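Please look at the sequence and the structure below before reading on. The report after them goes through selected features in turn.

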Number of protein chains: 2
Amino acid sequence: MDANASLKTPADIRRLIRDGHYSGHTSGFAPGYVQANVVILPEKYAYDFLGFCQNNPRACPLLGHTEAGATELPRLAQDLDIRTDIPKYRVYELGQKVSEQTEITSLWRKDLVTFLIGCSFSFEEALLADGIEVRNITENCNVPMYVTNQACHRSGVFGGNMVVSMRPMTPKDAIRAIQICSRFPSVHGAPVHFGDPQAIGINDIKRPNFGDAVSIKPGEVPVFWPCGVTPQVAIATARPDFCITHSPGHMLILDIKNTALSSF
Amino acid sequence: MDANASLKTPADIRRLIRDGHYSGHTSGFAPGYVQANVVILPEKYAYDFLGFCQNNPRACPLLGHTEAGATELPRLAQDLDIRTDIPKYRVYELGQKVSEQTEITSLWRKDLVTFLIGCSFSFEEALLADGIEVRNITENCNVPMYVTNQACHRSGVFGGNMVVSMRPMTPKDAIRAIQICSRFPSVHGAPVHFGDPQAIGINDIKRPNFGDAVSIKPGEVPVFWPCGVTPQVAIATARPDFCITHSPGHMLILDIKNTALSSF
């Protein structure tokens, strides 16, 4: 997409999106900068959902959250409007998706709180920088995601099983990937599993619950990371009367750098 | 062994060994302190062997080395005598073991240099401290070691294939072990492989080349670390006219702590 090449900063891209000129996915946009999963909920669910993130930090690493009604989060991005700066939103009622929108200004309410959750784009960039192939990038598709049999720690109405993303690698690359990702706990950190998919309740690796299947070559093992889609499963389980998230792959681009998330 | 319980410091244990009161293995001795693999060679091989360690730091992480003729290494241990403070030595001529000795004072020469190489005891302690089972400790036997098909980087006369030690673990524990061991590069660091033994040239996991076979339980994968026995294979390949090493498991106990080897 040509606009991307000419855009210099996350703020430029957010402004383009805000002005209605782009509503596609954000993979590869603003290289080096953090992109976030977004969950917007009425205040009455805020404590339970914050607790869910707190209880399940591997799947739901919280980068930041707002006070009720706030549409900005200056610690993570200047000149941010949460109602307009995401390319595509999903609106849920009682846990069911009811629409997709390119902005949510008309749906905004004073009781809404926003949660920003780390995204695997950050660690994929670190893997690529180290020369490790990321299959879903090579095959130009969405990462395959699976609902596991691993129960999250419940918080109020929010529960459900952990979702994982999968990237096939040789054992040698998997070991290096574990090292690299361990430095980034706020974007899911190290994998939770490798090898036998059935050990975590995945019966058919060729049929992901979300995203696209990728090829697994001889000598490779599937490596599984906690996934930021886990909150969407928790929302489907909790069935809050109202909720808005980003549309998968259509992330909020922040002003902070991926390297700033490294713990050492 | 009762003497162990009453001994407080590495220096106490070295003195006991020096005085001829103990010649057994040192596993579990002086908890918290570093134990080292030892290689003693004539000076004419010193540059080549130092280069071999430099070229193969995963298998041969060098903790320290001496000038020709020196029997002390005060940076790593006070009141040390390399000729007497190791419980059991192996003497080689032309790469063949010719004897085992409890001290080598009569064999000492002014042209001998000593190399101290990190040992997996250090990272096993860190794994146990984190609650990870180490099978060879549970089963009270020597860790199984295998000669792989992975060629070391040659240095002069020293070459040969890398030796690995193997510890079976669940994928979950293996991921944690990779994190923990990555902090300890000077005691072999992270594993080099997990899973399929044949991928690194091991044809029968039940028949290690050194040490003892350990059980692998359902749901576990073998995890392979670079091993400090690699130099002994390099010596057998190089066939130096004279060489002394420690006897496997009969290590030199140093004054430095395992925790001091952590890179972060």
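The sections below cover a predicted model, beginning with the contact between two chains and ending with single residues.

## Where chain A meets chain B

The contact draws 14 residues from chain A and 14 residues from chain B. Between the two chains, about 1200 Å² of area is buried, and carbon and sulfur atoms supply 82% of that area. Across this interface there are 0 salt bridges. Polar contact between chain A and chain B comes to 2 residue pairs, counting pairs in which both residues are at pLDDT 80 or more.

On the side of chain A that touches chain B, two or more residues each come from α6 (171-182) and β8 (193-194) of chain A. The element that gives the most to this side is α6(A), with 7 residues. Sorted by class, this side of chain A has 10 nonpolar, 3 polar and 1 charged residues.

## Cysteines

A disulfide is a covalent bond between the sulfur atoms of two cysteines. In chain A, Cys141(A) is in no disulfide, and the nearest cysteine sulfur, in Cys227(A), is 14 Å away. Cys141(A) is partly exposed, its relative accessible area being 23%.

In chain B, why is the sulfur of Cys119(B) too far for a bond with the closest cysteine sulfur? The closest one belongs to Cys227(B) and is 8.6 Å away, whereas a disulfide needs two cysteine sulfur atoms within 2.5 Å. Cys119(B) is buried, with a relative accessible area of 4%.

## A buried histidine in chain A

His188(A) sits in the loop between α6 and β8 of chain A. Is His188(A) buried or exposed? His188(A) has a relative accessible area of 2%, and because buried means under 20%, His188(A) counts as buried.

Polar atoms of the His188(A) side chain lie by the backbone of two other residues. The backbone oxygen of Arg58(A) is 3.0 Å from one such atom, and the backbone nitrogen of Gly228(A) is 3.4 Å from a polar atom of that side chain. Leaving out residues up to four places away in sequence, His188(A) touches a set of residues that includes Arg58(A), Ala59(A), Pro61(A), Gly118(A), Cys119(A) and Ser120(A). Phe123(A), Pro226(A), Cys227(A) and Gly228(A) are also among the residues His188(A) touches.

## Helix α7 of chain B

Helix α7 of chain B spans residues 230-238 and is mostly covered, with 7 of its 9 residues buried. Which residues of α7(B) are buried? They are Thr230(B), Pro231(B), Gln232(B), Val233(B), Ala234(B), Ile235(B) and Ala238(B). Just after α7(B) comes Arg239(B), which takes a positive phi of about 50 degrees.

## An isoleucine in strand β11 of chain B

Ile253(B) belongs to strand β11 of chain B, which covers residues 252-257. With a relative accessibility of 1%, Ile253(B) counts as buried.

Ile253(B) and Tyr33(B) are 220 residues apart in sequence, yet their C-alpha atoms are 7.1 Å apart in space.

Notes:
Residues are numbered from 1 along each chain as its sequence is written. Chains are lettered from A and ligands numbered from 1 in the order in which they are written. This is a predicted model: local features need pLDDT of at least 70, side-chain atom pairs count only at pLDDT 80 or more; totals for chains, interfaces and linings use all residues. Side-chain values use heavy atoms; hydrogens and water are left out. Buried means under 20% relative accessible area, exposed over 50%, partly exposed in between (1.4 Å probe, protein chains only). Contact means heavy atoms within 4.5 Å. Buried area is the accessible area (1.4 Å probe) that two parts lose on being put together, summed over both. A salt bridge is a side-chain nitrogen of Lys or Arg within 4 Å of a carboxyl oxygen of Asp or Glu. A polar contact is a pair of N or O atoms within 3.5 Å; within protein, one must be able to donate a hydrogen and the other to accept it, and residues adjacent in sequence count only if both atoms are side-chain atoms. Helices (H or I, at least four residues) and strands (E, at least two) are DSSP runs, numbered from the N terminus. Ala, Val, Leu, Ile, Met, Phe, Trp, Tyr, Cys and Pro count as nonpolar, Asp, Glu, Lys and Arg as charged, and the others, Gly among them, as polar.
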